[in-house]
Amino acid sequence: MDKRVLITVVLIGACAGLIFYLYQNVFLPMKPTFGRSARLNEWLKDPAGHPEWTLRAGTRCSPAAPFLMPTEGMIGYLWDDSFKVGKRHQGIDIFGGTEVGKTPVVAAYAGSLTRLSTWKSAVIVRVPDDPLQPGRQIWLYYTHMADRYGNSLISSAFPPGTMEKTIVAGTLLGYQGNYTGDAANPAGIHLHFSIVLDNGEGGFLNELDIRNTLDPSPYLGLPLNARASDGSAVVCPGGVNQ
Ligand SMILES: [Zn+2]
């Protein structure tokens with residue numbers, strides 16, 4: 001075989017292999033997230049066009065679910081969605097469809113609230129007894145409650161440095177914002193909510209690693225696991241407002 005033909009065949013094979021690898025390892029894991037982005041954009045343009053995609057704050061979506069919906073809006077992204085290669089989403093993102101500081105965020109479950117002195121947009125609530133696995137301590141993390149410049153939208157009841165303040169389910173925590181730490185690149189206005197594992201010494205593990213978080217599906221009584229999702233929008237039929 002002509003040497004040039006051989007080189008061409010090898011190059012085509014290498015390209016095909018690379019394309020197949022990228023398809024399997026990059027495109028396929030991220031495809032459901034792209035689909036959710038498209039649906040979220042549709043809703044943000046016209047929430048009234050799909051009222052069933054709007055979940056109400058304080059709603060219990062299944063009788064067996066211990067948690068209430070922590071804010072109002074569309075659940076745009078799920079636990080284990082993938083926005084970047086190798087990055088797995090550790091919580092759920094609920095978009096209010098309003099301006100910054102308008103959509104209330106409430107406690108999904110009772111516990112003891114801490115806001116570290118450096119936290120502008122986040123609080124974490126210690127739940128000493130996991131309602132779905134009694135005896136285990138878990139932590140509920142709520143974030144993006146500040147504007148793009150870091151002006152906090154957290155309730156004045158929880159100033160920076162708050163430690164172990166007792167709250168009940170439904171307590172107002174603050175309002176949805178778009179803080180990311182980079183004023184030039186704010187997030188869409190939403191609440192990020194996650195369930196974080198305890199470190200075994202009375203503290204919480206690093207929330208940024210999905211392995212330190214729990215699938216919130218059974219806690220909220222909704223299909224919130226990206227890999228198990230059938231791709232349809234998350235709805236809460238027959239949800240009971242508490
Ligand atoms: Zn998020």
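Trp-119 is buried, its relative accessible area being 16%, where buried denotes under 20% relative accessible area, exposed over 50% and partly exposed the range in between (1.4 Å probe, protein chains only). The model is predicted, so that local features require pLDDT of at least 70 and side-chain atom pairs count only at pLDDT 80 or more, whereas totals for chains, interfaces and linings use all residues. Residues are numbered from 1 along each chain as its sequence is written, and side-chain values use heavy atoms, with hydrogens and water left out.

A search of the whole structure returned 9 aromatic pairs; rings of Phe, Tyr and Trp (its six-membered ring) pair if their centres lie within 6.5 Å, and planes under 30 degrees apart count as stacked, over 60 as edge-to-face and the rest as tilted. The ring centres of Trp-119 and Tyr-141 are 5.9 Å apart with the planes at 75°, so this pair is edge-to-face. Because Trp-119 lies in the loop between S5 and S6 and Tyr-141 in strand S7, the pair ties together parts 22 residues apart in sequence. Helices (H or I, at least four residues) and strands (E, at least two) are DSSP runs, numbered from the N terminus. Tyr-141 is buried, as is Trp-119. Trp-119 also forms a tilted pair with Phe-204, at 6.1 Å centre to centre and 45° between the planes. Phe-204 lies in the loop between S10 and H2, so its pairing with Trp-119 ties together parts 85 residues apart in sequence. Phe-204 is partly exposed, with a relative accessible area of 30%. Elsewhere, ring pairs link Phe-67, Tyr-109, Tyr-142, Phe-193 and Tyr-219 into a cluster.

An open sheet is formed by 7 strands in the order S2-S3-S10-S7-S6-S5-S8, with antiparallel pairing; two strands pair if DSSP finds at least two bridges between them. S2 and strand S8 (165-167) are the edge strands, each pairing on one side only. Within this sheet, S7 joins S10 through 6 bridges, and Tyr-141 stands opposite Ser-194 in S10. S6 and S7 pair over 5 bridges, with Val-127 opposite Ile-138 in S7. Strand S5 (residues 111-114) is joined to S6 by 3 bridges, and Thr-114 has Ile-124 as its bridge partner in S6. S7 is covered on both faces: Ile-138, Leu-140 and Tyr-142 on one side and Trp-139, Tyr-141 and Thr-143 on the other are all buried.

The largest nonpolar core comprises 35 residues, of which Phe-67, Ile-75, Leu-140, Tyr-142, Leu-173, Phe-193 and Leu-222 touch the most other members. A nonpolar core is a set of buried Ala, Val, Leu, Ile, Met, Phe, Trp, Tyr and Cys residues joined through side-chain atoms within 4.5 Å. At least two residues of this core come from each of strand S3 (92-95), strand S6 (123-127), strand S7 (138-143), strand S10 (190-197) and helix H2 (217-220). The greatest contribution is that of S10, with 4 residues. A second, separate core of 7 residues includes Leu-40, Trp-43, Trp-53 and Phe-95.

The zinc ion has as protein donors His-89 (NE2), Asp-93 (OD) and His-192 (ND1), at 1.9 to 2.1 Å. Donors are N, O and S atoms within 2.8 Å of the metal (3.2 Å for Na, K and Ca); water is not among the atoms, so sites may look incomplete. The donor residues follow the spacing H-x3-D-x98-H. His-89, in the loop between strand S2 (74-77) and S3, and His-192, in strand S10, are 103 residues apart and link distant parts of the chain. Both His-89 and His-192 are buried.
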